[in-house]
Structure formats: structure tokens, C-alpha cells
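Subject: Handover of a structure, with notes

Dear colleague,

Please find below the structure that I am handing over to you, together with its sequence. My notes on what was found in it follow directly after.

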Amino acid sequence: MDAGHLGRTVARLGLHQIDSVNVVARAHYLPAFSRLGPYDRALLDRAAWGPRRERRLFEYWAHEASLLPLAMHPLFRWRMARADRGEAGYGSLRLFATERRAEATALLDRIRADGPLAASDVEGGRTGWWAWSDAKRALEWLFYAGHITTLTRRRGFERVYDLTERVILPAILALPTPAERDAHIALIDHAARALGVATAGELRDYFRLSPADGGAAIAALVEEGVLRPVAVPGWPVAYLHCDARRPRRIEGRALLAPFDPLIWERDRTERLFGFHYRIEIYTPAAKRVHGYYVLPFLLGERLVARVDLKADRQASRLLVHAIHPEPDAPPETATELAAELAEMARWLELDRVVMAGADRT
């Protein structure tokens with residue numbers, strides 16, 4: 001598995017969502033494993049946070065915080081411009097586009113003069129109005145508005161910021177900036193290619209477009225014949241990309257991260273697979289149904305089980321807290337899942353797979 005395979009996978013999906021939870025592996029590593037099998041995670045690290053000449057990805061708010069192909073940078077400049085004008089972002093961030101802009105500009109000037117920094121650097125060196133919460137919000141607004149981007153991630157996954165022009169290749173920054181409407185159309189087109197059959201809400205949700213922006217883009221693509229309205233029993237109106245391929249059958253198996261594009265829209269997951277899925281990380285332990293960090297197991301065309309996993313790195317084991325097969329799971333589910341868990345353990349450089357309570361060593 002080489003960097004080309006990884007690059008094509010990220011390009012086809014359009015993004016890998018970032019999440020800091022590291023119970024099994026950080027979320028941005030998992031979609032490629034689900035599709036490619038074991039690959040060198042250092043390839044993704046270099047593509048995202050390596051030397052400038054080796055970078056192929058950048059961080060930005062797309063679905064949520066995400067890693068995206070550099071070629072998509074122009075498609076999000078409209079969002080950066082809106083954030084810069086105070087027209088996008090959470091309320092506390094928008095203040096830095098207006099009445100608190102001088103504070104953010106001072107921090108930007110500090111980065112320009114002194115080099116990259118993280119929120120903890122500001123917190124450690126200043127007090128008062130440069131308390132951590134204010135510093136972090138200012139940095140996040142500068143990030144959202146495109147003035148700075150992620151240079152690297154420190155131990156603990158803390159983001160280190162630097163000027164965008166010092167991180168992203170000049171050839172990417174020199175790419176033409178499309179009009180907002182054209183960017184929205186391109187993003188909906190990408191979402192449709194990634195999703196297959198999808199409702200308007202699902203197409204908009206992929207890159208978090210508003211009903212107005214996404215709806216106009218969908219209408220334009222329908223008029224051009226790129227999106228074709230299709231009827232699916234029990235679904236709202238749905239759309240299919242004109243270039244969509246329709247395989248006769250789907251084979252394969254994969255453990256899916258909670259933030260994988262295939263299942264992140266929970267209503268869609270239920271309509272596609274008859275699989276009611278909720279991530280229970282923020283649910284009190286006594287109220288959890290399936291576990292803390294539960295990965296659905298895809299076998300062929302169906303989600304057939306869910307597995308509560310933890311990478312116990314100190315003991316070099318992939319710990320299986322629980323397995324919950326679906327009522328109609330096929331007979332081969334246990335065998336296929338065991339093989340997939342063994343493959344995941346090897347990928348994570350863990351020595352063994354252990355059922356909770358079965359290992360007393």
C-alpha cells in the first residue's frame with residue numbers, strides 16, 4: 001500500500017474527519033484502513049503535517065474538523081471569506097471579525113513575527129484578556145477565516161498554527177478562487193460522487209452547506225443533468241450522480257469509525273442498512289447500550305454487528321469489550337469479524353486480540 005492508494009482514497013471521499021478520541025485510533029486514520037486494509041499511518045501523517053513539499057492535505061472545517069486534499073482549498077475560500085466578514089462561525093468566534101478583531105490581529109502579528117504557536121503557548125506567556133479561552137477562540141477564528149492553518153500537531157494532538165502562506169504550497173494558493181455558487185456546485189458534485197444515492201439533506205450535510213447554498217447547487221446540477229432525481233421506497237426525494245457506478249454485488253468487510261462518511265449521518269445509516277446507530281461516548285456508562293467506542297462491522301452489503309473496542313497499547317492488545325451481532329447476521333459473521341480484528345491489531349502494531357475478561361495475564 002503506497003501513498004498513491006491513500007491519496008486516491010482521500011480524494012474519492014473528499015475528507016477524513018478529525019476527532020481527538022484515541023480509544024482505538026484517531027478517527028482520521030480509520031476510513032483509509034476500512035477501505036484499504038493495513039497501511040502505513042506515517043503516510044497520512046506526512047501528507048497532513050509533514051514537510052511542506054510532501055504535503056497533500058490541509059485542515060479545515062468541512063463536515064466537521066477535517067483533513068482535505070490540497071486541490072480542494074479553493075472550494076472553501078468562500079467560507080473563509082464569510083468567516084473573515086463575521087458571517088460564519090459560532091457567535092463567540094464572530095466577535096473576532098468585528099469588535100475584537102484587534103485582539104486577533106495582534107495574535108496574527110505575533111505568529112508572523114515570532115513563528116508558529118499553539119493556544120497553550122499563549123496561555124503560558126500571557127494573562128488577563130489573553131487567557132486560554134480567549135486565545136483559543138482568537139486562533140480558531142483566524143483559522144476559520146483562512147489567515148492561519150495547522151502546521152503540525154503536538155503530543156496530545158494539540159494544533160500548532162502558522163501563517164497559511166508558510167504552510168500551504170504557493171501553487172495551491174495561486175489556484176483561482178471560484179465564485180461562491182461554483183464552489184457550492186463543486187462541493188455538492190463531490191458529495192454526490194462519494195455518497196451514491198442521497199437525499200438533498202445528505203448532500204448538503206457532507207460539507208455542511210446551508211439549505212440555501214446547497215439547495216441552489218443541487219437545482220443547478222439537476223438542470224445540467226449531473227444529478228438525477230430517483231425514487232427509493234420509503235425515502236424522501238433522492239438523487240444519483242450521472243457517473244455513479246452500479247456494481248452487481250459488493251464484497252468485502254470493514255470495521256467503520258463512528259465518523260466514517262458511510263455512517264456519520266445516522267438517519268441515512270438506518271434507512272440504508274436498517275441499523276440504528278448512536279455513538280455513546282458522551283452517554284453515562286450506566287446508560288450505554290452497546291459500549292463506549294463502538295465500531296459497526298460491514299460485511300458485504302450489510303452492517304451485521306457492532307464491536308466495542310479499545311487499543312490497550314501498554315499491554316499490546318486489542319481489547320474487545322463486547323460484540324453485538326445483528327439479529328439477522330449471517331453465519332460467517334463471527335469468522336469474518338475475527339479475521340478483521342486480527343488485521344486491525346496488526347495494523348495498530350498490537351500483539352493480540354483479547355475478549356474482555358478472557359485474559360488474566
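In this predicted model, 3 strands form an open sheet in the order 1-3-2, with antiparallel pairing, where strands are DSSP runs of E of at least two residues and helices are DSSP runs of H or I of at least four, both numbered from the N terminus. The edges are taken by strand 1 (16-17) and strand 2 (57-61), and because each has a single partner strand, one side of each is left without a neighbour in the sheet. Strand 1 is joined to strand 3 (residues 65-69) by 2 bridges in the antiparallel sense, two strands being counted as paired if DSSP finds at least two bridges between them. Within that pair, Q17 stands opposite S66 in strand 3. Helix 3 (residues 41-49) packs on the sheet and touches strand 1, strand 2 and strand 3, contact meaning heavy atoms within 4.5 Å. The direction of helix 3 makes about 70 degrees with that of strand 2, with axes fitted as lines to C-alpha atoms, for helices over the stretch in contact, and angles running from 0 to 180 degrees between N-to-C directions.

Elsewhere, strand 8 (residues 238-241) pairs in the antiparallel sense with strand 6 (residues 198-199) over 2 bridges and with strand 7 (residues 227-230) over 4 bridges. T199 stands opposite A238, while R228 stands opposite L240. Both faces of strand 8 are covered, with A238 and L240 buried on one side and Y239 and H241 buried on the other; here buried means under 20% relative accessible area, exposed over 50%, and partly exposed in between, using a 1.4 Å probe and protein chains only.

As for the helices, helix 4 (residues 77-84) is largely enclosed by the rest of the structure, because 6 of its 8 residues are buried, namely R77, W78, R79, M80, R82 and A83. Helix 4 is followed by G86, which has a positive phi, near 80 degrees. By contrast, A334, which lies in helix 15 (residues 333-347), counts as exposed because its relative accessibility is 58%. A334 is 11 residues from I323 in sequence, and their C-alpha atoms are 9.5 Å apart in space.

Residues are numbered from 1 along each chain as its sequence is written, and side-chain values use heavy atoms, with hydrogens and water left out. Since this is a predicted model, local features need pLDDT of at least 70 and side-chain atom pairs count only at pLDDT 80 or more, whereas totals for chains, interfaces and linings use all residues.

With best regards
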